[in-house]
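I opened my notebook to go through one structure, step by step.

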Amino acid sequence: MMDIALGIFALAYSGLVLFTVASSLRRLYPPVRAAVSAFALSVAVHGATTLMMGDVATLAFFFWAVPHALILPLLLMSARRQAKSTGA
């Protein structure tokens with residue numbers, strides 16, 4: 001039961017991080033570029049922190065990577081929809 005709760009938390013956290021950073025970058029870049037930049041920034045920050053975990057780095061990596069991989073298509077689909085509606 002706790003594993004399911006942690007998985008849902010990881011998915012919610014990933015979605016919150018990616019959509020918030022992409023929304024902030026949207027002021028600087030077009031929507032799709034903002035989404036890709038948000039993902040790249042998240043990869044850099046979270047990748048570095050998971051490497052510092054030592055013995056549990058593999059577990060920490062999957063705790064980060066799987067939810068981000070699930071959220072990325074939604075983020076890109078949302079960005080493409082925004083780009084079409086704004087003409088950016």
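**Entry 1: the largest pocket.** I looked up the volume of the largest pocket and noted about 160 Å³. I kept in mind that the model is a predicted one.

Which residues line the largest pocket? I listed Asp3, Leu6, Gly7, Ala10, Leu59, Ala60, Phe62, Phe63, Val66 and Pro67.

Helix 3 gives the most, with six residues.

Then I sorted the lining by residue type. I got eight nonpolar residues, one polar and one charged.

**Entry 2: a patch on the surface.** I looked for nonpolar side chains on the outside. I found a nonpolar patch made of Met2, Leu6, Phe9, Tyr13 and Phe63. Together they have about 520 Å² of accessible area. Where does the largest share of the patch come from? I wrote down helix 1, with four residues.

I saw Leu6 in both of my lists. Leu6 lines the largest pocket, and Leu6 is also part of the nonpolar patch.

**Entry 3: Leu6.** I placed Leu6 in helix 1. Is Leu6 buried, exposed or partly exposed? Its relative accessibility is 39%. I called Leu6 partly exposed because 39% falls between the cut-offs of 20% and 50%.

**Entry 4: Phe62.** I moved on to another residue of the pocket lining, Phe62. Phe62 sits in helix 3. I read a relative accessible area of 49% for Phe62, so this residue counts as partly exposed.

I also checked a distance. Phe62 and Thr50 are twelve residues apart along the chain. Their C-alpha atoms are separated by 9.4 Å.

**Entry 5: two alanines in helix 2.** I turned to helix 2, residues 31-51, and picked Ala35 there. Is Ala35 buried or exposed? I noted that Ala35 is buried, because its relative accessible area is 1% and buried means under 20%.

Ala38 is found in helix 2 too. Ala38 has 1% relative accessibility, so I marked Ala38 as buried.

I then looked up how far each alanine is from Leu25. Ala35 and Leu25 are ten residues apart in sequence, and 7.9 Å lies between their C-alpha atoms. Ala38 and Leu25 are 13 residues apart along the chain, with 7.3 Å between their C-alpha atoms.

**Entry 6: the whole chain.** I stepped back at last. How many helices and strands does the protein chain have? I counted three helices and zero strands. From the N terminus on, I read the order of elements as α-α-α.

I looked up the span of the C-alpha trace along its principal axes. The trace covers about 45 × 25 × 15 Å.

The protein chain has 88 residues, and 30% of them are buried. Ala35 and Ala38 are among the buried ones.

Conventions: Residues numbered from 1 in each chain as written. Predicted model: local features only at pLDDT ≥ 70, side-chain atom pairs only at ≥ 80, totals over all residues. Heavy atoms only, no water. 1 Å grid on protein atoms, 1.4 Å probe; cavity = no way out; pocket = protein on both sides within 12 Å on 5 of 7 lines; lining within 4 Å. Points joined across faces, edges and corners; volume = space filled by probe spheres on them. Nonpolar A, V, L, I, M, F, W, Y, C, P; charged D, E, K, R; others polar. Patch = residues over 30% accessible without salt bridge, like charges linked within 9 Å, V, L, I, M, F, W, Y side chains within 5 Å. Areas by Shrake-Rupley, 256 points an atom, 1.4 Å probe, with all protein chains shown as cover. Salt bridge = Lys/Arg side-chain N within 4 Å of Asp/Glu carboxyl O. Buried < 20%, exposed > 50% of the residue type's maximum accessible area, 1.4 Å probe, protein only.
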